[in-house]
Amino acid sequence: MTCSTEERYTSATVTSNLRVEADVIGPADVLICAGWSASRMGLALMRLHTKHDAATLTMVHEQAVAQAVMMGIERPHVVATAVIAWWVNRTCNKCHGLKFELILGTPSLSDKHCKTCRGTGEAKLPHGDAGRRLAGWMDECKSRAVDSIKRRLRPW
């Protein structure tokens, strides 16, 4: 089974084996490639998905607020906070990401899509267009970091 670049990065951040070996791509190689990435925000967002430390969250929030200000979004602190919370956990609270309604009194799902998320399994993105623009920027930052790691690992 092949791991995605994001999964390899996440795994590398918690490994105890940081040996660098010739002709073998290991966790240390992934971290070295990540260190070369120009997208610090993208790397922070990848860490935020797995490791909710205060320093990373603070950095992400500060950068998201700054970006919201640059985008002309009203109440940038409020929008950034809500979008980051959604971005970290997009799961619909009603169906818990299962996409279908639960049949009352049973552990089974019905064939009816969840009314809250309309069968997507995801919570509604907060703050409409402003939230969509900020979340899109966050996705782009993460994508740039992943692409940078991938590009540097490709020669192997």
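Colleague: Thanks! Are α3 and α5 parallel, perpendicular or oblique to each other?
Modeller: α3 and α5 are oblique to each other. Helix α3 (residues 40–50) and α5 pack at an angle of about 60°, with their axes 9 Å apart. Angles under 35 degrees count as roughly parallel, over 145 as roughly antiparallel, 65 to 115 as roughly perpendicular and the rest as oblique. The axes are lines fitted to C-alpha atoms, for helices over the stretch in contact, and angles run from 0 to 180 degrees between N-to-C directions.

Colleague: Which residues make the contact of α3 with α5?
Modeller: From α3 there are Leu 45, Leu 48 and His 49, and from α5 there are Ile 84, Trp 87 and Val 88. Contact here means heavy atoms within 4.5 Å. By class, that contact has five nonpolar residues, one polar and no charged. For the classes, Ala, Val, Leu, Ile, Met, Phe, Trp, Tyr, Cys and Pro count as nonpolar, Asp, Glu, Lys and Arg as charged, and the others, Gly among them, as polar.

Colleague: Before I go on, what kind of model is this?
Modeller: This is a predicted model: local features need pLDDT of at least 70, side-chain atom pairs count only at pLDDT 80 or more, and totals for chains, interfaces and linings use all residues. Residues are numbered from 1 along each chain as its sequence is written, and side-chain values use heavy atoms, with hydrogens and water left out.

Colleague: Good to know. How many helices and strands does the protein have?
Modeller: There are six helices and two strands, and along the sequence they follow the pattern α-α-α-α-α-β-β-α. Helices (H or I, at least four residues) and strands (E, at least two) are DSSP runs, numbered from the N terminus.

Colleague: And how do α1 and α6 pack?
Modeller: Helix α1 (residues 5–12) and helix α6 (residues 128–153) pack at an angle of about 85°, with their axes 9 Å apart. α1 and α6 are therefore roughly perpendicular to each other. On the α1 side, Thr 5, Glu 6, Arg 8 and Tyr 9 take part, meeting Lys 142, Val 146, Ile 149, Lys 150 and Leu 153 of α6. This contact of α1 with α6 has four nonpolar, one polar and four charged residues.

Colleague: Switching topic: how many disulfides are there?
Modeller: The count comes to zero disulfides, a disulfide being a pair of cysteine sulfur atoms within 2.5 Å.

Colleague: Is Cys 141 buried or exposed?
Modeller: Cys 141 counts as buried, at 2% relative accessibility, and Cys 33 counts as buried at 5%. Buried means under 20% relative accessible area, exposed over 50%, partly exposed in between (1.4 Å probe, protein chains only). In the protein, buried residues make up 35% of the 156 residues.

Colleague: Which loop holds Arg 118?
Modeller: Arg 118 is in the loop between β2 (109–113) and α6, and is exposed, with a relative accessible area of 73%. Its phi is near 60°, a positive value in a residue other than glycine.

Colleague: What about phi of His 127?
Modeller: Phi of His 127 is near 65°, again a positive value in a residue other than glycine. His 127 also sits in the loop between β2 and α6, and counts as partly exposed at 32% relative accessibility.
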